[in-house]
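This report describes a protein model together with its DNA partner. Please keep the sequence and the structure in view while reading.

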Amino acid sequence: MAQEDIYHISAFAFKVYDLVIRIPKGKVSSYGDIARALGEPGAARAVGRALNKNPFSPQVPCHRVVKSNGLVGGFFDGYNKKLRLLKQEGVKIKQNRVARECFYGF
DNA sequence: CGTGTGACTCGGT
DNA sequence: GACCGAGCCACAC
């Protein structure tokens, strides 16, 4: 895709964004799940790194991506607010943790 | 071009 | 359940 070149991101990372924005409202996903959905079960780290770069900052709802165990990663401070937002969207939060039933299966 | 690090994950202890 | 080590991909040095 041409957009990758524009933003200097790998096709891999681009797929990550594409997948993340596809996560339905009220659902979340984990780095590993996204990596698996991309056909690279071991690329969870790359997925996280890609989101960290995140040239689409507000466009890509990175707050919908959490750890596999449901725990939220140690992101920047503002993430706590996003948890609140997720809860508002219908995602069940258990003390900084996302309910397993709210995970979106690709 | 080799090494180390990271918003990760898994399996074994 | 917690800790530890190995494996995975992308990137900075």
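## Salt bridges

Four salt bridges are present in the structure, which is a predicted model. Side chains of opposite charge can pair when their charged atoms come close.

One of these salt bridges joins the side chains of R22 and D18, with an N to O distance of 3.5 Å. R22 counts as exposed because its relative accessibility is 55%, over the 50% cut-off. D18 has a relative accessibility of 27% and therefore counts as partly exposed, since this value lies between the limits of 20% and 50%.

## A pair within a helix and a pair across the chain

R36 and D33 form another salt bridge, in which the closest N and O atoms are 3.1 Å apart. Both residues belong to helix α3 (residues 31-37), where they are three residues apart, or about one turn of the helix. D33 is partly exposed, with a relative accessibility of 24%.

A salt bridge also connects the side chains of E89 and R64, at 3.2 Å from N to O. This pair links distant parts of the chain: E89 is in helix α5 (residues 79-89), whereas R64 is in the loop between α4 (44-53) and β2 (65-66), and the two are 25 residues apart. Are E89 and R64 buried or exposed? Both E89 and R64 are buried.

## The largest pocket

The largest pocket holds about 160 Å³ of space. It is lined by 12 residues, of which S10, A13, R49, A50 and K53 are the closest to its centre. Two elements, α2 (11-20) and α4, each give two or more residues to this lining. The greatest contribution comes from α4, with four residues.

What classes of residue make up the lining of the largest pocket? Eight residues are nonpolar, two are polar and two are charged.

Of the atoms of DNA strand B that come within 4 Å of the protein, 39% belong to sugar and phosphate.

S68 takes part through its backbone: one of its polar backbone atoms is 2.8 Å from a phosphate oxygen of DNA strand B.

Helices α3 and α4 are the elements that give two or more residues to the surface near DNA strand B. Here α4 gives the most, with six residues. By class, the residues of this surface divide into five nonpolar, five polar and four charged.

Most residues other than glycine have a negative phi, and most peptide bonds are trans. Q95 is not a glycine, yet its phi is positive, at about 50 degrees. N96, which is likewise a residue other than glycine, has a positive phi near 65 degrees.

Q95 lies in the segment after α5, and N96 is placed in the segment after α5 as well. Q95 has a relative accessible area of 69%, so Q95 is exposed. N96 has a relative accessible area of 40% and is therefore partly exposed.

How values were computed: Residues are numbered from 1 along each chain as its sequence is written. Chains are lettered from A and ligands numbered from 1 in the order in which they are written. This is a predicted model: local features need pLDDT of at least 70, side-chain atom pairs count only at pLDDT 80 or more; totals for chains, interfaces and linings use all residues. Side-chain values use heavy atoms; hydrogens and water are left out. Buried means under 20% relative accessible area, exposed over 50%, partly exposed in between (1.4 Å probe, protein chains only). On a 1 Å grid over the protein atoms alone, a cavity is a set of points where a 1.4 Å probe fits but cannot get out, and a pocket is an open set with protein on both sides within 12 Å along at least five of seven lines; lining residues have an atom within 4 Å of a point. Grid points are joined across faces, edges and corners, and a volume is the space filled by probe spheres set on the points. Ala, Val, Leu, Ile, Met, Phe, Trp, Tyr, Cys and Pro count as nonpolar, Asp, Glu, Lys and Arg as charged, and the others, Gly among them, as polar. A residue is near a molecule or strand if one of its heavy atoms lies within 4 Å of it. A polar contact is a pair of N or O atoms within 3.5 Å; within protein, one must be able to donate a hydrogen and the other to accept it, and residues adjacent in sequence count only if both atoms are side-chain atoms.
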